[in-house]
Amino acid sequence: MNHPRPKVKLSRALGIPLTRKCVRYFERRPYPPGVHGRNRRKTSDYQVRLLEKQRLRHQYNVSESQLRRTFDEAARGAGKTGESLVALLERRLDAVVLRAGLARSVYQARQLVGHGHFTVDGRKVDRPSYRLRPGQVVAVRERSRALPPFQLAAAGAHADDRPRPYLLVELTGLRATLLREPARHEVPVVCDEQLVVEFYSR
């Protein structure tokens, strides 16, 4: 899903940096964009819940309809709806590619997956929304491994400072295995998922 709006401006509107590149700009101006960005009036309960929903949506770069469908699926399952929602989003192929350090941002991860550079259990998958099951292996296709983005990834340029315990990553081999369902406290997403549940349940 392509967002033509500048990522820095979107980050300031959401109150969180969406990419590593946005961090330094966000730190310089940590307030909403626009002439009245620093003087916004007190927000309503609806606005607070809407903002949390938008934060979650943009951190995974999904459309409103995709997020709504995922929420409905999480609500039908067992366990806490908010935690299930984050776990389902985290198992998306583009999210796993990002967490494994095979892409520098969720936007690049989505593009690389869409261009057919990845396989799941040896079969090419070009759908960013493909949901992995525990035990499945994501790998860069042999014909794509010499490309500059993957050479950088293999050198550890995009590796996370804190490896995710639900992933087994082999950067030199450009592959990652989903070991199990991710727990909410292990997912580096800035969001109060309970407010998202309240937004959709209103």
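Predicted model: local features only at pLDDT ≥ 70, side-chain atom pairs only at ≥ 80, totals over all residues.
Residues are numbered from 1 along each chain as its sequence is written. Local features need pLDDT of at least 70 and side-chain atom pairs count only at pLDDT 80 or more, while totals for chains, interfaces and linings use all residues; side-chain values use heavy atoms, with hydrogens and water left out.

**Exercise 1. Find how many helices and strands the protein has, and in what order its elements run.**

Step 1: The protein has nine helices and five strands.
Step 2: Reading from the N terminus, the order is α-α-α-α-α-α-α-β-β-β-α-β-β-α.

**Exercise 2. Describe how helices α4 and α9 pack.**

Step 1: Two packed helices are described by the angle between their axes and the distance between the axes. Axes are lines fitted to C-alpha atoms, for helices over the stretch in contact, and angles run from 0 to 180 degrees between N-to-C directions.
Step 2: For α4 (residues 64-76) and α9 (residues 193-201), the angle is about 95° and the axes are 11 Å apart.
Step 3: Angles under 35 degrees count as roughly parallel, over 145 as roughly antiparallel, 65 to 115 as roughly perpendicular and the rest as oblique. The two helices α4 and α9 are therefore roughly perpendicular to each other.
Step 4: Glu 64, Leu 67, Arg 68 and Phe 71 of α4 make the contact (heavy atoms within 4.5 Å) with Val 197, Tyr 200 and Ser 201 of α9.

**Exercise 3. Decide whether Lys 80 and Gly 15 are buried, partly exposed or exposed.**

Step 1: Buried means under 20% relative accessible area, exposed over 50%, and partly exposed in between (1.4 Å probe, protein chains only).
Step 2: Lys 80 sits in the loop between α4 and α5 (81-90). Its relative accessibility is 59%, so Lys 80 counts as exposed.
Step 3: Gly 15 is in the loop between α1 (7-14) and α2 (20-28). With 34% relative accessibility, Gly 15 counts as partly exposed.
Step 4: Now look across the chain. The C-alpha atoms of Lys 80 and Val 197 are separated by 9.7 Å, though 117 residues apart along the chain. For Gly 15 and Arg 55, 40 residues apart, the C-alpha separation is 8.3 Å.

**Exercise 4. Work out what share of the protein is buried.**

Step 1: Of the 202 residues of the protein, 49% count as buried.

Methods. Helix = DSSP H or I, 4+ residues; strand = E, 2+ residues; numbered from the N terminus.
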